[in-house]
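Visitor: Hi! I'm new to this one, could you walk me through it?
Guide: Happy to, let's bring it up first.

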Amino acid sequence: MKKLNQLLFVFLLCLISSSAISQDFWEQLYFPDTTKIRCIDVNDNGDIFVGVGGTNTIGGVYRSTDNAKTWDFVYNIDDFSFLSIDISPQGDIFVGSN
């Protein structure tokens, strides 16, 4: 019985500690209010790329190189939306559009 209690205690301790650590994972991105975020990815340098677009908004890709403090509109596709984005290990950016 003592062994079972110890095992249960260790299990609960691991469960509590793993959930407490994950609470600091999410961070808010400060992004222009006039856009609709459709997809997001980060490259190996930590640059953030966001695909945007939607009804009555211009579609394209925004990039932030300073941890989401400022954004550069790096690619414009007018009336279309980027729905998916992926960055290869070589740094190539692939986007899917409608």
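Guide: A word on terms to start: helices (H or I, at least four residues) and strands (E, at least two) are DSSP runs, numbered from the N terminus. This is a predicted model, where local features need pLDDT of at least 70, side-chain atom pairs count only at pLDDT 80 or more, and totals for chains, interfaces and linings use all residues. Residues are numbered from 1 along each chain as its sequence is written, and side-chain values use heavy atoms, with hydrogens and water left out.

Visitor: Thanks! So which loop is Ala68 in?
Guide: Ala68 lies in the loop between S3 and S4. Asn67 is found in that loop too, between strand S3 (57-64) and strand S4 (72-78).

Visitor: Is Ala68 buried or exposed? And what about Asn67, buried or exposed?
Guide: Ala68 counts as buried because its relative accessibility is 4%; buried means under 20% relative accessible area, exposed over 50%, and partly exposed in between (1.4 Å probe, protein chains only). Asn67 has a relative accessible area of 55%, so Asn67 is exposed.

Visitor: What is phi for Asn67?
Guide: Phi of Asn67 is near 60°, a positive value in a residue other than glycine. For Ala68, phi is near 70°, again positive in a non-glycine residue.

Visitor: OK, new topic: where is Asp41?
Guide: Asp41 sits in strand S1 (residues 37-42). Asp41 is buried yet has no salt bridge, and the nearest side chain of opposite charge, Arg63, is 14 Å away. A salt bridge is a side-chain nitrogen of Lys or Arg within 4 Å of a carboxyl oxygen of Asp or Glu. For charge, Lys and Arg count as positive and Asp and Glu as negative, while His and the chain ends are not counted.

Visitor: Which residues does Asp41 touch, then?
Guide: Leaving out residues up to four places away in sequence, Asp41 touches Asp47, Ile48, Phe49, Ile85, Asp86 and Ile87. Contact means heavy atoms within 4.5 Å. A polar atom of the Asp41 side chain also lies 3.1 Å from the backbone nitrogen of Ile87.

Visitor: Last one: where is Leu8?
Guide: Leu8 is in helix H1 (residues 2-22). With a relative accessible area of 47%, Leu8 is partly exposed.

Key:
Polar contact = N/O pair within 3.5 Å; in protein donor to acceptor, adjacent residues only side chain to side chain.
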